[in-house]
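Good morning, and thank you for making the time.

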Amino acid sequence: MNFINTIDDLFNMLDRYTEGVDWNTFYIKRDKSAPFLKYNKLPDKCVVDFIKEHSIKNACEFGCGEGRNAIYLAKNDVNTEAYDLSEIAIENAKRNAGESKAEKVVFKAENIFKLDLMDKRFDLVIDSGIFHHLTPHRRLQYRDIVSNILTENGYFILLCFAAGKDGADEVDDYEFYRSKQTGAAFTKERLKEFWGEKFDIIELREGENIVGDQMWESEYLHVCVFKKA
């Protein structure tokens with residue numbers, strides 16, 4: 001028999017009403033058209049722009065994939081911790097870091113909701129792919145995690161599916177559970193409403209289709225820079 005006695009019990013039950021992505025299979029097959037697979041060694045343009053303008057000592061990336069942003073940070077003298085659910089992605093990230101001689105980065109295959117980050121503090125947190133795959137109940141928990149691990153006046157860079165673009169559809173939170181979604185897109189207004197509870201909005205814009213030798217950006221994403229309030 002199953003009983004709900006704690007918040008964790010409730011969240012674990014709600015997790016069963018959604019279908020997540022098998023990220024190990026995703027990175028093994030590599031049969032999707034996701035740009036972050038094609039440009040897996042190029043950082044996001046907004047990360048490059050941010051580092052040019054800010055002095056950052058340490059950073060954390062959630063959903064780091066094969067390490068493109070984390071490696072860029074490490075090569076720019078930023079002590080970086082990077083996490084992803086996929087063991088395959090982390091293996092590839094460690095290999096890419098070795099090839100790039102990026103020494104100031106630590107990669108770990110972990111579920112961020114099971115991590116003990118209470119004593120961690122970062123000047124910068126980056127998410128280039130987790131938030132838009134989270135279930136509504138996990139989004140609330142995630143917002144608290146990001147806020148809690150940031151230093152005073154720390155920054156959060158978020159890239160997520162933009163409503164009306166090719167990444168995913170905007171979905172009502174109740175419908176997310178009924179239709180067992182694996183992802184959702186967001187309007188600018190929804191992002192401001194949700195993240196504005198704990199963050200000041202520094203930048204929130206639609207991405208552009210840009211691919212260069214040193215960085216890339218896609219028009220199906222919102223580019224967000226938030227500052228801890």
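**Sheet, cores and salt bridges**

Strand 4, helix 7 and strand 5 form a β-α-β unit of right-handed sense; right-handed here means that, with the strands pointing away from the viewer, the path from the first strand over the helix to the second runs clockwise. Helices (H or I, at least four residues) and strands (E, at least two) are DSSP runs, numbered from the N terminus. The model is a predicted one, in which local features need pLDDT of at least 70 and side-chain atom pairs count only at pLDDT 80 or more, while totals for chains, interfaces and linings use all residues. Residues are numbered from 1 along each chain as its sequence is written, and side-chain values use heavy atoms, with hydrogens and water left out.

The open sheet has 7 strands, ordered 3-2-1-4-5-9-6, with mixed pairing; two strands pair if DSSP finds at least two bridges between them. Strand 3 (105-109) and strand 6 are the edge strands, and each has a single partner, so one side of each has no neighbour in the sheet. From one strand to the next, the twist averages 15°.

Now the individual pairings. Strand 4 and strand 5 are parallel and share 5 bridges, with I126 opposite I157 of strand 5. On strand 9, by contrast, strand 5 finds an antiparallel partner, joined to it by 7 bridges. Within that pairing, C160 is partnered with H222 of strand 9, and L159 with V223 of strand 9.

I turn next to the packing. How many residues of strand 5 are buried? The count is 9 of its 12 residues, so to speak a mostly covered strand, where buried means under 20% relative accessible area, exposed over 50%, and partly exposed in between (1.4 Å probe, protein chains only). The largest nonpolar core has 26 residues, and F62, F131, Y142, F156 and W195 touch the most other members. Such a core is a set of buried Ala, Val, Leu, Ile, Met, Phe, Trp, Tyr and Cys residues joined through side-chain atoms within 4.5 Å. Among the elements that each supply at least two residues of this core are strand 1 (58-62), helix 7 (136-149), strand 5 (150-161) and helix 9 (188-195). Apart from it lies another core of 23 residues, including V48, V78, L124 and M215.

Leaving aside residues up to four places away in sequence, F156 touches, among others, Y142, V146, W195, F199 and C224, contact meaning heavy atoms within 4.5 Å.

Finally, the charged pairs. The whole structure contains 15 salt bridges, each defined as a side-chain nitrogen of Lys or Arg within 4 Å of a carboxyl oxygen of Asp or Glu. One of them joins E66 to R30, with the closest N and O atoms 2.7 Å apart. These partners sit in distant parts of the chain, 36 residues apart: E66 in the loop between strand 1 and helix 5 (68-75), and R30 in the loop between helix 2 (23-29) and helix 3 (35-38). E66 is buried, at 5% relative accessible area, whereas R30 is partly exposed, at 34%.

Another pairs D144 with K198, at 3.5 Å between the closest N and O atoms. Because D144 lies in helix 7 and K198 in the loop between helix 9 and strand 6, the pair ties together parts 54 residues apart in sequence. Both are partly exposed: D144 has a relative accessible area of 32% and K198 one of 29%.

A further salt bridge links E217 and R205, the closest N and O atoms being 2.9 Å apart. E217 belongs to strand 8 (residues 216-217) and R205 to strand 6, so this pair ties together parts 12 residues apart in sequence. E217 is buried, with a relative accessible area of 4%. Lastly, R139, D173, R190 and E193 are linked in a salt-bridge network.

Technical notes. Axes fitted to C-alpha atoms, helices over the stretch in contact; angles between N-to-C directions.
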